[in-house]
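Please keep the sequence and the model in view while reading.

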Amino acid sequence: DGPGEHDTDPEIRCAANHVLSGLWSSMDDGGGTLGNDRDLFHALGLGRVYHRPMPVSAEAYLFDYDDEHNIRVAEHGGTAHFIWTSPADTEDSGEDIDVFYTTSSRGQHVLAELVDTAGVGDDGDDRSPELAVGRDGRVHAIWQGDVLGGPAGTERGIFYAWSDGSGWSFPEMVASSGASAEVIVTSPRIGVDAAGFVHAAWVSGTPPYPTSLAYARRTSPGGWSAAETPTVPTDLDWNPIFPGLHVEPDGTAHLVWITETDVGGSGTDADVYWARRQGGVWSPAELVNDYGTTDNSADVDVQIDVAPDGEIVVVWASTYDPGGAGTDYDIMINFRDPADAGPSAWGSSSLLVTHFTGDSGLDGDPAVSASSDLIDVVWESIDDLAGEGFDFDIFHARIPRSSVLPADVGVGFANANATGDVGHDLNPDLAVSPCGTVFVAWSTFDDFGFTVHSDSDAVYGRLGDLDGIFCDGFEYGSTLAW
């Protein structure tokens with residue numbers, strides 16, 4: 001609008017689904033279409049609770065590289081830590097796919113670091129990175145690699161490295177395929193306990209059958225325990241996929257996974273299982289999706305977190321049709337009471353939110369974080385939530401733990417540019433600070449209005465800024481006086 005076309009008398013309201021509705025008076029003539037009298041204007045702010053997505057690496061602005069779908073995020077002291085893969089030739093790493101890392105504190109980034117320091121001399125690809133941050137601030141990374149400092153294809157394995165902020169350690173091999181071209185080691189997961197011990201899980205075996213979950217613990221610098229396999233109730237031919245790992249401060253490790261094997265009468269459709277390692281002993285595997293013995297639906301993309309009071313929270317995507325949700329993939333949730341023992345400790349599986357009873361789009365790849373009173377879940381969805389179109393976007397729901405499920409809460413966008421982009425946003429991850437600031441990382445094909453390339457870039461969004469008000473490091477060892 002031009003001079004004299006004043007906008008005045010604004011009013012704003014917020015609906016339960018986080019949509020902002022703004023109304024104001026304006027002398028704007030709408031480009032000559034409305035005349036110069038005073039008119040009422042209205043606009044919607046759809047899901048604008050997250051800041052605009054930001055690339056985690058400056059290379060998104062400079063190069064047309066494909067950062068794939070491997071961005072992961074962790075949080076420590078209000079700082080977000082990111083790990084991802086890229087074929088970018090950084091630190092003379094070559095154009096094979098390597099693992100990179102950076103941090104963001106109050107929007108300030110550090111330069112990306114090459115995690116796999118052996119990547120300078122190899123030409124094998126590294127994939128599926130994961131990271132965890134210990135209470136001492138040490139960052140731990142794990143990934144799946146073709147090779148360790150040699151020609152591609154000679155050996156595949158699971159590798160681990162750590163950083164105290166002054167460079168990355170030389171990678172340690174956690175598991176190896178050996179010389180066999182048939183053996184796989186894939187889907188690594190990592191966690192760290194309060195004492196600083198690192199826990200790892202992965203899938204290994206000879207495809208297509210059988211594969212199994214493996215677990216090991218880092219007992220000393222460079223030393224890993226022998227791989228263990230969680231207890232399975234019946235058939236060892238169980239082929240787990242999509243594993244999730246959570247490690248409690250006392251070192252108790254929780255594993256969740258998907259299997260299509262008929263374990264305990266669950267049928268040959270994909271179902272969700274859980275097991276716990278406590279005091280060095282694995283519990284028997286338990287069925288998480290309690291409808292699994294009677295349904296024929298597909299359950300995928302399982303993730304786990306444990307609340308401060310010990311309640312286990314598991315989310316996954318499923319074609320199960322509870323309450324008229326339809327046979328599209330929706331996000332399911334279930335809980336395990338820490339005070340109970342055995343499979344009866346699990347509650348009834350439920351849709352996460354009431355939104356799924358009215359949608360028909362594909363929802364998947366959830367991530368979850370549970371605090372003392374809230375559960376945050378993000379996922380990718382092709383549903384047209386608010387006119388943003390049928391590209392994949394990142395959805396977020398914040399649920400009070402006291403809610404009746406499915407929770408009747410609003411679903412919003414984690415990618416705040418959803419209504420203006422046409423590129424797919426995929427593979428989200430989630431971390432929540434002690435003060436409740438939510439960091440979400442994902443891969444996007446959006447070009448942000450031609451400011452970055454339209455290849456897949458690693459980006460993140462932040463909900464809330466409480467860490468900049470009350471949690472700006474003071475509770476982590478500094479002092480404050482006034």
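Helices (H or I, at least four residues) and strands (E, at least two) are DSSP runs, numbered from the N terminus. The model is predicted, so local features need pLDDT of at least 70 and side-chain atom pairs count only at pLDDT 80 or more, while totals for chains, interfaces and linings use all residues. Residues are numbered from 1 along each chain as its sequence is written, and side-chain values use heavy atoms, with hydrogens and water left out.

Pro 406 lies in the loop between β29 (393-400) and β30 (412-413), and the peptide bond that joins Leu 405 to Pro 406 is cis, with omega near -5°. Asp 9, in strand β1 (residues 7-14), has a phi near 55°, a positive value in a residue other than glycine. Asn 427, in strand β31 (residues 425-432), also has a positive phi, of about 60°. Most residues other than glycine have a negative phi, and most peptide bonds are trans. Asp 9 is exposed at 57%, whereas Asn 427 is buried at 10%.

Next comes a sheet. Two strands pair if DSSP finds at least two bridges between them. Four strands form an open sheet in the order β10-β11-β12-β13, with antiparallel pairing. At its edges stand β10 (126-133) and β13 (172-176), each with a single partner strand, so one side of each has no neighbour in the sheet. Strand β10 pairs with β11 (residues 139-145) over six bridges, and Arg 127 stands opposite Gln 144 in β11.

Charged side chains complete the picture. A salt bridge is a side-chain nitrogen of Lys or Arg within 4 Å of a carboxyl oxygen of Asp or Glu; by this rule there are 10 salt bridges. In one of them, Glu 130 meets Arg 72, with the closest N and O atoms 3.4 Å apart. Glu 130 belongs to β10 and Arg 72 to β5 (residues 72-76), so the pair ties together parts 58 residues apart in sequence. Glu 130 is buried at 15% relative accessibility, and Arg 72 is buried at 15%. Another salt bridge joins Glu 311 and Arg 401 (2.8 Å, N to O). Finally, salt bridges that share partners join Arg 72, Glu 130 and Arg 189 into one network.

Terms used
Buried means under 20% relative accessible area, exposed over 50%, partly exposed in between (1.4 Å probe, protein chains only).
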